[in-house]
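Good morning, and thank you for the time.

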Amino acid sequence: MIPNRSWTLARHPAGAASIDDFALVDGQCDDSPLQDGEIMVRNHVFSVAPTIRNRLNAPTAGHRSAIPIGGVIGGMAACEVIASAHAGFPVGRRIVVLSQWEDVSRLRPDALPIPVFPIAEDMSFDAALGIYSPNSLTAYFGMTAIAQVRRGETVLVSGAAGSVGSVACQIARLAGARVIGIAGSADKCRWLAEACGVDAAIDYRHESVADRLRVLAPDGIHVFFDNVGGEILQLAVDRMRRHGRIVVCGQISAYDGAGGAAGPRDMMRIVYGSIRIQGFVVGDHIDDIDVARADLRRWCEADALSMRVDRRRGLGKLPSTLIDLFRGANAGTLLVVNDDAPAAKTQ
Ligand code: NAP
């Protein structure tokens, strides 16, 4: 018998998610024999990501289906395989995978919409969801393969103090670009300047982004790495240089709304500016993760790159942590460590 606590969807959120939208179920994991291709994992550390919100209402804009009422909430987690009927994932293998908000999950790795990220033997669960995480890889591929950032360019990053954004800022800086970050408090802006080495930071809650961009980027923006969308996207579009590139990484300002994420107001600005707008998902680049992780490691070892991790403890914290993310009440990458899981009993 495997005791299993699971966070399920109690009701569809109306606007911002609230704690009553979730229900904790104290149950057991189905321990009937695994089907061919199935694995059972223990979820050790969860990454609490904005995209989880996108699956709490139907229809979803994404490539993943909405979670039904009573369904277990899905999210990326660092896990250990504890039973396996899949030759590629033997017992003991550690992976980062689209798992579920529970102690133990049964998964079909080959049927998941996001590839499985292997964890190297010398890598901790925290590092696998921290500096070497899919979020860092997102920043890496967004800033290199999609933005193709170059020395001397002016780069603007929204959601700059967050998990993806802060790494994107640092990678642009390492490429020799001039980096402007946008974040939601004076504290976050200070941290961006002091720890991430951005050239300037804009506190969008207390400053006029339009006015600050006019001063900070008088000749325009070469690359806009967008995590937020909405009004900030529009203000960036207004200041893009000719042949500028807009990397659409996420649109968090729209995840609580029902209408989807709107684009720029006037597409003729894109035409006359010869501007490229490109979306991407990190899974597009799974074949290149060894190269990316090697670069991340090299920069970390040279003290040129760091990630701030906001580590919370206990499976019970998952919904409140997700809610914090949408209030900006996170200091960097949000992880929830499942360190209070009940022990498996034998009967
Ligand atoms: P994060 O930036 O660490 O946390 C989210 C931050 O977004 C909050 O701290 C808050 O910062 C800001 N925010 C929250 N609600 C907002 C709103 N309504 N308007 C403006 N800002 C808001 O989260 P993350 O995990 O790194 O994700 C960042 C973005 O990357 C998200 O859009 C996510 O969907 C996207 N993403 C994309 C991929 C991909 O493959 N394309 C992969 C991972 C993540 P402030 O206090 O600064 O407002």
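Asp 256 and Arg 53 join their side chains in a salt bridge, at 2.8 Å from N to O; the term requires a side-chain nitrogen of Lys or Arg within 4 Å of a carboxyl oxygen of Asp or Glu. This pair links distant parts of the chain, 203 residues apart: Asp 256 lies in the loop between strand E12 (240-248) and H7, and Arg 53 in the loop between strand E3 (39-47) and strand E4 (74-84). Helices (H or I, at least four residues) and strands (E, at least two) are DSSP runs numbered from the N terminus. By the salt-bridge rule the count comes to 19.

The model is predicted: local features need pLDDT of at least 70, side-chain atom pairs count only at pLDDT 80 or more, and totals for chains, interfaces and linings use all residues. Residues are numbered from 1 along each chain as its sequence is written, and side-chain values use heavy atoms, with hydrogens and water left out.

Next, the helix pair. The axes of H2 (residues 134-146) and H8 (residues 289-301) come within 10 Å and cross at roughly 100°, with axes fitted to C-alpha atoms over the stretch in contact and angles running from 0 to 180 degrees between N-to-C directions. H2 and H8 are therefore roughly perpendicular, the class for 65 to 115 degrees.

Methods:
Angles under 35 degrees count as roughly parallel, over 145 as roughly antiparallel, 65 to 115 as roughly perpendicular and the rest as oblique.
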